[in-house]
Amino acid sequence: MKLRLIYIVILLLIYACSEDWSNPSINTHNIKIEFAIPDVAIKEGLETYEGINVQLYNTRKDYTINAITDSNGEVDFKELEPGFYQYNTSYEEERGDVLISLNGSGNIEVLDDISEKNDLEVTFEQIKGGNFVIREFYYSGSKTVAGKSYSSDQYIEVYNNSPESLNANKIYLVELESYGYTPNYWSYMQADSIVVKMIWALPESSEGHIIAPGDGFIMARDALNHRSDPNGNPNSPVDLGNADFEFWSDKTTTGDIDHEAPNMIDKLWTYKGSDIAFHTRGGSAIAIVEIPGNVDEYINNNLVAKGAITPSSRLFCKIPNEYVVDAVEVLWDDDETYKRMDISLDSRGTYVAAKSPSGLCVRRKIRRFIEGRAIYQDTNNSYEDFDHDVVPQPGIYK
Amino acid sequence: MIVTRNTIKKMRLQHQTYFRISHNKYLSIFTLICFFSVFAIQRVDAQEDNARGIDTDIHSVIRAKTPIMRSGNPASLYYSPVDSFIILATQYSHQSGNFKSISTGDELNGLCAQTFSFQRLDKVMLYGSFDYLNQKEQGMQYSNTYHVRHDTPYLFADTIGGDTYKREQFVFTGALAYSVTSRFAIGGKVNYMTGYGAQDRDPRTQNKISTTLVSIGGMYQLTEQLKLGGDLFYNYYNEDIETIVVEKDAVYTIFNLTGLGTYSKHKESTFYRLYQRNAYGSNIQFEWKNNLLTAGYKKFKENVYDGRRESGANWSARKHDSEYRNNTWKASYIYTLRPNDFVHQFSICAKKADYIGSEPLQKLIKLNENNVYQWTTIAKEDKYTRKQEQLRFSYELSKFRSRLQRNYWIGFEMDYFNHSEQYYVPDMSLNYKNLYTQLEAGKYIKMNKSGCQINLVYGWNKNLDRDTDFTYDNFITERIIVPDYLFFSSGHNSVKAQIEYDFKIDANKYCVGLNYNLHNQYSSSNKRGSLTITLSAFL
C-alpha cells in the first residue's frame, strides 16, 4: 500500500513536469496577397494597383489591420495571430467617361504562412453600367399623431443602373431567413447560397416589365398616399399612391386592403400572415434575384428546413449566390456580428441609426451622372454604398 | 406570433429559475432539520468546564495543536485533538463600499446556516459539515459567472450594469479517518457544493454550479517521532450559464474575454456557456519531532464551451471557446514548540503556479450526407500565460487556558505575492508584486458562566512594483482590466475587529455564542466595510 502510494505520487510528479510552462507555443504567420489587375481593366489603361489600402479583419477577435499595396499590387501582413480573417479592398478611377471600380474581398484561414506563390483569388468588377440595384429601402416606419408606430408606409425601390432597358419579368424580391441580430443557421452554406423566407414576383405581364435606363419601380407594402389617406398617417414621409406594385396578402379579406397598384405574387412566404412587414428596427436582409426557368418548379426542388435530425415543418428556399442581382443587409446598428450572406454579395451591412419609428431610410449613393442619368454606387458594400438616416424620396433620382 | 411564444418561454424559464430557488429554500430547511436531527441523537460531552470549553475558532486550535492537520491529508483527521464536538451557527453578513474588484457588487447581503461536527468512534474519526448560503449581491457589473472569477482570463460579461445577483448554495462535506494499525491510518474526504444563481436584469443569466472534491490519503508512523503521509485528490468544477433576454425583440452584446482586453463578442437574445474544470493532485507529508514538511502539486484543465440556441441546430450547441491549464507547486515547513501551555508556531510556505490559456480555432465541418455539421477544431493556439509566486512567513503564539481553548494569542504574517500575465500576438503584459503584512492579537476573558473573546487584526498591503503594457486600449481594457489591476496592486489597509460573547445554557453541555465581526478595508480614496453577526450553539 505504501509503495503503491509512493509510485502513484512519483508518476504524477513526472507527468506534472512534462509540459514546458515557461515557454508556451506561440505561432504567428505572415501572409502576402497579390491583387492581379483583370484584363478588362488593363484594356481601360489601368496599369498598377499600387498604394491601395487593404483591410484585414479578424472575424473572431473583432479588429482590423490595414496595409498598403506595393508597386506589384501586393500587400504583406506580418506576424498575424492564427485565425479567420476577411480582407477587403476597393479602388475607383475614372478613365474618360468610364468609371473603373475594382473590389476585392475574400476569406483567409491563417493557420500557416501564406506565401507569394499562393495567390488568392480576387473578384474584380468593372462598373460601366450595371444591372438592377436596390435604390431605397424604407423600413423604419413613422410615428402617428397619437405617438404610435406606423409601418404601413414601408417600401423598396429598385432602379435600372445600366445604360440599357431591362426587363424585370424574371426579377424576384426575396427576404433572407434570419435577422441580423441572431446567428445565421445557414452560415455553413453562406459561401455559395442564401436561404430565403419570402419570394415575391412581379405580376405576370405578356410584355414583361421593361424598365428604362435611369428609371425604377416601387414595391409598396400599402400603395396609398399615406399622408392624406384616412387609413394613413399624416406624419408619414411618403406618398405611395403612385407605387408600381403592392405587396398584398390573400390570406385575409379584412387585414390588408387591396389598393389600385398591381399586386405582387408571393411564390414563397414561410411565415404567411395578413400583411407583409419588414422588421421596423432593421435586421431584414433583402435581395433581388433572377431565377432561370420555371420559378415554382425551382422553389419546390430547393426547399430546406432547419434541423438536421428533426427537421422543422417550416420550409425555406435555397438560392445560389450567382442568381443574386443585388443584395442589401440591413442591421440594427453598426455593432452587428451575424452575416447572412457572403461578403461577395454584401461585405458590410447598413442601418438606420435613428431606429424606429424615425421615418428615415437607407438610400444608395449616386456615383455620377451620365447624360443626366444617375449612376448609383454599387461596390457590394452597403455600408459604403448607402446613405443612412435620409428622408425617403421614392422615384426621385437626383 | 413566434416572438410572443419565445417571450413567454423566456419568462417561464425565468420564473422557473426563481421558483427553483424558492423551492430550494424549503429543501434546504428540510435538509438542515434532518442533518441536525442526526447529530442531536448522538451523545456528546462538553470538553471542558469553562463557559464553552472549546475555542470558537476551533480550526486555529487544531492547526496549533496538530500541525499535520494543516496538510489536508484526510488521514490526518485521525490525529484530531477534538474528539466530540458539534457546532450549529447562523450568520448574517453585509458588505458595502467601493474598494472592490470592478465586477464585485456594490452591496452584498447574505444569510448562512452552518453546522460541523467531529466524532470519534473507537478507531474511526468522523467529520461532517453542512453549509447553506443565501446571498444577494447588488450593483454588479461585467460578470455573468456565479462568482466573480479572478483565477482565469476567460470571463463572461455583458456591459449592462446594476445587476442584482441572487445565489443559493449548499455545501456538504464528509470525512473519515480509520486507524488500520497502531501505526497506520487511512482517510477519505468528499466535498460537494451546488449552487444556483440568477440575475434580475437583461441580459439575465441563470447559473448552475457544482464542485465535487474527492481525496484519499494515508499516514504511517515509522517511529514515535516520525510520520510519513501522502494523499491524492480530484476536484471537478462545473458551471452552466444560460443567458436570456426577457424584453421583446431585444438583443444585447455579450463579451467572451480572452485575456488583457482581448475578446470575442456576440449579439444575442440567448446565449449558453459552460465551464468545466478537472483538477487533481497530490501532497506528501513528513513530520519529525516538531518539524513538519509538506509538498504538493496540483494540475487542472478548464474548458469553456459556448452555444447559441437555435431551434434544431445541433451544431450550434457547443463551440469550444478556450482551454486553460495550470500547474501549481507548493511546499511548506512548520516548526512547532509547546513549552507548558504555550504553542509557538513558525511556518514558511512557498507556492508557484503557472497557467497557459489556449484558444481553439474551430470551423463548422459537415460530418455526413444528412447535413449534420459540427464545430471541429482545426488548430489550438497558446495565447495567454499567467505566473504567480507566493512566499509566506508566519509566526503564531498561543497561550492555552485549557486543552482546546486559548487564553490569548498573537500572530504575525508576511506574504509576498508576484503576479504576471502575458498575452501573445498582440503582445501585452500586466505585472505586479505585493507585500502583505498582518498582525493579530486576541484574548479570551472568562467570566462567571460566560466568556468574552476579543480579536483584532490589522493588515496592510504594499505594492512593491507594477507595470502594464497594453498594445491597444479598448472598452474592456478601460472598464475591466485596468480597474481590476489597480485594485489588486493597490496599497491598502485593513482592520478587523471581532468580539464574541458566549454563555452556558445547560451545565457542561450547551452554550450559545454571539459573534460580532467588523472588517474595513481602505485605500487612499476608497473603502469597503463588512459586518458579520453570527449566532452559534455549541453542543
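Visitor: Which residue stands opposite A:Thr64 of S3(A)?

Guide: A:Tyr57 stands opposite A:Thr64. A word on conventions: this is a predicted model, in which local features need pLDDT of at least 70, side-chain atom pairs count only at pLDDT 80 or more, and totals for chains, interfaces and linings use all residues. Residues are numbered from 1 along each chain as its sequence is written, while chains are lettered from A and ligands numbered from 1 in the order in which they are written.

Visitor: How are strands and their pairing defined, and in what sense do S2(A) and S3(A) pair?

Guide: Strands (E, at least two residues) and helices (H or I, at least four) are DSSP runs, numbered from the N terminus. Two strands pair if DSSP finds at least two bridges between them. Strand S2 (residues 53–58) of chain A and S3(A) are antiparallel, with six bridges. They form a hairpin with four residues between them, and A:Asp62 in the turn has a positive phi of about 65°.

Visitor: How many residues of strand S3 of chain A are buried?

Guide: A residue is buried if 20 or more other C-beta atoms lie within 10 Å of its own, exposed if 12 or fewer, and partly exposed in between, with C-beta atoms placed from the backbone. For S3 (residues 63–68) of chain A the count is zero among six residues, and the strand is hardly covered. In chain A as a whole, 42% of the 398 residues count as buried.

Visitor: How many helices and strands does chain A have?

Guide: Chain A has four helices and 25 strands. Six of its strands form an open sheet of mixed pairing, in the order S16-S15-S10-S7-S22-S25. Strand S16 (245–246) and strand S25 (386–390) of chain A stand at the edges with a single partner strand each, so one side of each has no neighbour in the sheet.

Visitor: Which residue of S22(A) is the bridge partner of A:Phe137?

Guide: The general idea is that side chains in a regular strand alternate between the two faces of the sheet. Here, strand S7 (residues 132–138) and strand S22 (residues 361–364) of chain A run antiparallel and are joined by two bridges. The partner of A:Phe137 in S22(A) is A:Val362.

Visitor: Which residues have the most contacts inside the largest nonpolar core?

Guide: A nonpolar core is a set of buried Ala, Val, Leu, Ile, Met, Phe, Trp, Tyr and Cys residues joined through C-beta atoms within 7 Å. The largest has 77 residues, and A:Phe137, A:Tyr172, A:Val174 and A:Val196 have the most contacts inside it. Strand S13 (residues 193–201) of chain A gives the most to this core, with seven residues. Apart from it lies another core, of 26 residues, including B:Tyr423 and B:Ile481.

Visitor: With which residues is A:Phe137 in contact, leaving aside its neighbours within four places in sequence?

Guide: Two residues are in contact if their C-beta atoms, placed from the backbone, lie within 7 Å. On that basis A:Phe137 touches A:Ile156, A:Ile286, A:Val328, A:Val330, A:Cys361 and A:Val362. Among contacts in chain A between residues at least 6 apart in sequence, 68% join residues at least 24 apart.

Visitor: Where does the kink in H3(B) lie?

Guide: The bend at a residue is the angle between axes fitted to the seven residues ending there and the seven starting there. In H3(B), a kink of about 30° lies at B:Ile481, shortly before the proline B:Pro483. The expected span of a helix is 1.5 Å times one less than its number of residues. The 14 residues of H3 (residues 475–488) of chain B should therefore span 20 Å, and the end C-alpha atoms are 20 Å apart, which agrees. Its buried residues are B:Ile476, B:Thr477, B:Ile480, B:Ile481 and B:Tyr485. Their cover includes strand S17 (428–446) and strand S18 (450–469) of chain B.

Visitor: Why does A:Glu79 count as exposed?

Guide: A:Glu79 counts as exposed because it has 11 C-beta neighbours inside 10 Å. A:Glu79 is found in strand S4 (residues 74–80) of chain A, and has a positive phi of about 50° although it is not a glycine.
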